Amino acid sequence: MALQWMILTYVVAVEAVLAAVLTLPSPKLLKYRLVSLVSLLLQPALFIVPFAGFQLLDIYWKNEHRLMCTSEICTASERDRYEKSIYKAQRNVILCASACLLYWCIYRICKYYKEIQNLEEVEKRYKKE
């Protein structure tokens, strides 16, 4: 059951590293090559958005059908297990949201750099004329 959360954790870590690398200053040629490589990887990596959405729906469904342990009938261990499951669900929601947010950030960064490159090409053409 924890395999999907490990996959999501690794994907978020890779997305965070990619976002950091794309925003670091570097020479233009290296930056444009890196942006083009990441742009090629973005389309197959889009699977993360529906995957995270499905995980969010799973968390919501489990939350709605979770046994409540708030009365005095529950033992201390049951109450601890209930609180632990709530904390895990909150952590996983943050993980899903950060996966989608980081994907969007990387997409926008790549699109921004491509627009800059296109504008530079247009500027070169106007200077030649």
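Ala, Val, Leu, Ile, Met, Phe, Trp, Tyr, Cys and Pro count here as nonpolar, Asp, Glu, Lys and Arg as charged, and the others, Gly among them, as polar. The model is predicted, with local features needing pLDDT of at least 70 and side-chain atom pairs counting only at pLDDT 80 or more, while totals for chains, interfaces and linings use all residues. Residues are numbered from 1 along each chain as its sequence is written, and side-chain values use heavy atoms, with hydrogens and water left out.

The helices named below are DSSP runs (H or I, at least four residues; strands are E, at least two), numbered from the N terminus. UniProt, in an unreviewed entry, places the feature "transmembrane region" at residues 6-25, 37-57 and 89-107; such annotations may be inferred rather than shown by experiment. Residues 37-57 are 76% helix and 0% strand, with end C-alpha atoms 32 Å apart. Residues 89-107 are 100% helix and 0% strand, and their end C-alpha atoms lie 27 Å apart.

A pocket is an open set of points on a 1 Å grid over the protein atoms alone, where a 1.4 Å probe fits, with protein on both sides within 12 Å along at least five of seven lines; lining residues have an atom within 4 Å of a point. A volume is the space filled by probe spheres set on the points, which are joined across faces, edges and corners. The largest pocket has a volume of about 460 Å³. Of its 16 lining residues, Trp5, Lys62, Lys88, Ala89 and Asn92 lie nearest the centre. Helices H1 (3-23), H3 (48-64) and H4 (76-128) each supply at least two residues of this lining, and H4 gives the most, with six. By class, the lining has seven nonpolar, four polar and five charged residues.

The second largest pocket holds about 210 Å³ of space. Its lining includes Val11, Val14, Glu15, Leu18, Tyr103 and Ile106. H1, helix H2 (28-42) and H4 each give two or more residues to this lining, the largest share being the four from H1. Here the classes are 11 nonpolar, no polar and one charged.

Leu101 is in helix H4.

The structure holds three salt bridges, each a side-chain nitrogen of Lys or Arg within 4 Å of a carboxyl oxygen of Asp or Glu. One of them joins the side chains of Lys28 and Glu120 (3.1 Å, N to O). This pair links distant parts of the chain, with Lys28 in helix H2 and Glu120 in helix H4, 92 residues apart.
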